[in-house]
Amino acid sequence: MGIASFSGASSVIKPGVVTSSTRPSSPFVGQLIFETDTNRLAAYNGSAWVTQNGGLVRVGGGALSGSSTTFSSVFSANYHAYAIVGTNLSASAASSLNMTLGATTTGYYYTSIAAFYSTSNYTAQIGAENAASWNFLGNLNSATGGFLMQIENPFLSAITTFTAPYRNGIGSSGSVTGLLNNTTSYTAFTIAPASGTLTGTVNIYGYALS
Amino acid sequence: MTKPMIRIIDGNQITDREMTDEEFSAYKIVQAENAAIEEAQAAALAAKAAVRQALLEKLGITEEEAQLLLGGN
């Protein structure tokens with residue numbers, strides 16, 4: 001277990017670096033640890049480990065590039081639900097986004113309920129059953145360049161579900177919701193524009209269980 | 001033949017490379033299916049708009065008048 005280390009004017013304190021399954025067996029009140037598998041600080045209050053926060057914890061992310069970007073090792077047993085946040089997105093061509101989990105290319109179901117403002121202000125339901133991917137975000141090229149997706153149970157052996165926005169510039173907006181009809185446990189996902197290439201940033205956050 | 005580029009992000013490790021045959025095969029499946037879905041959706045939306053326009057003409061009212069009747073903006 002690491003203790004403290006000091007480094008001149010830029011002093012640092014290094015807590016014990018452990019995992020959630022290798023916490024100290026005889027901790028003292030006030031002891032700090034950092035768990036590498038949950039990416040959280042925790043302090044011992046005399047009877048239990050108190051985590052740094054109970055909200056969202058960043059578990060991965062980075063800059064998108066090329067025709068497809070895969071985020072590996074982001075889903076785990078530490079979280080059941082995740083927020084996937086895309087920012088500053090820019091596609092080389094007008095495009096929606098496709099998402100796949102692991103190497104699965106079948107069993108994706110999704111439905112968009114969207115209002116189309118430029119065509120008499122009507123609503124429409126679009127989507128697909130048993131598709132090769134989830135498709136969301138409408139038309140990225142003229143949209144606002146970002147999204148917030150919520151995804152539930154990708155790692156658990158349960159059906160994975162999601163909710164994401166649908167937009168087509170200022171022409172339409174709505175939401176997309178759906179599921180992946182299997183109980184496979186996934187640790188990775190891939191995002192790809194429906195055509196061309198995509199840049200921007202995606203960050204993944206886990207909803208802490210406690 | 002050059003395959004599309006894929007980025008793999010695993011923690012702080014970033015790898016940019018061409019897709020493998022397996023990845024490219026999956027990529028093509030998704031792209032082809034999505035193109036077909038988008039085409040079908042566009043056709044469905046166009047058909048719905050055409051039906052609506054035909055109904056307006058049958059009723060002899062404008063789009064704005066229909067919106068007023070329906071309470072829309």
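## Briefing: chains A and B

In β4(A), A:Val50 is the bridge partner of A:Ala43. This is a predicted model: local features need pLDDT of at least 70, side-chain atom pairs count only at pLDDT 80 or more, and totals for chains, interfaces and linings use all residues. Residues are numbered from 1 along each chain as its sequence is written, while chains are lettered from A and ligands numbered from 1 in the order in which they are written.

**Chain A overall**

- Chain A has 16 strands and 0 helices. Both are DSSP runs numbered from the N terminus: helices are H or I with at least four residues, strands are E with at least two.
- 34% of the 210 residues of chain A count as buried. A buried residue has 20 or more other C-beta atoms within 10 Å of its own, with C-beta atoms placed from the backbone.
- Among contacts in chain A with a separation of 6 or more, 67% join residues 24 or more positions apart. Two residues are in contact if their C-beta atoms, placed from the backbone, lie within 7 Å.

**Confidence in chain A**

- The mean pLDDT of chain A is 86, and 89% of its residues reach 70 or more. pLDDT is the predictor's confidence in each residue, from 0 to 100.
- Confidence is highest in β6(A), at 96. The lowest mean in chain A, 81, belongs to strand β10 (residues 122-131).

**An open sheet in chain A**

- An open sheet of 4 strands runs in the order β1-β2-β3-β4 (chain A), with mixed pairing. Strands pair if DSSP finds at least two bridges between them.
- β1 (16-18) and β4 (49-51) of chain A are the edge strands, each pairing on one side only.
- Neighbouring strands of this sheet are turned by 35 degrees against each other on average, direction ignored. The axes are lines fitted to C-alpha atoms.
- Strand β3 (residues 40-44) of chain A pairs with β4(A) in the antiparallel sense, over 3 bridges.

**Where chain B meets chain A**

- 28 residues of chain A are in contact with 27 residues of chain B.
- On the chain B side, β1 (5-10), β2 (13-18), α1 (21-59) and α2 (63-70) each give two or more residues.
- α1(B) gives the largest share of that side, 13 residues.
- By class, the chain B side has 13 nonpolar, 7 polar and 7 charged residues. Ala, Val, Leu, Ile, Met, Phe, Trp, Tyr, Cys and Pro count as nonpolar, Asp, Glu, Lys and Arg as charged, and the others, Gly among them, as polar.
- Strand β6 (residues 68-72) of chain A pairs with β1(B) in the parallel sense over 5 bridges.
- B:Asp10, in β1(B), is the bridge partner of A:Ser72.

Definitions and conventions. Axes fitted to C-alpha atoms, helices over the stretch in contact; angles between N-to-C directions. Buried ≥ 20, exposed ≤ 12 C-beta atoms within 10 Å, placed from the backbone.
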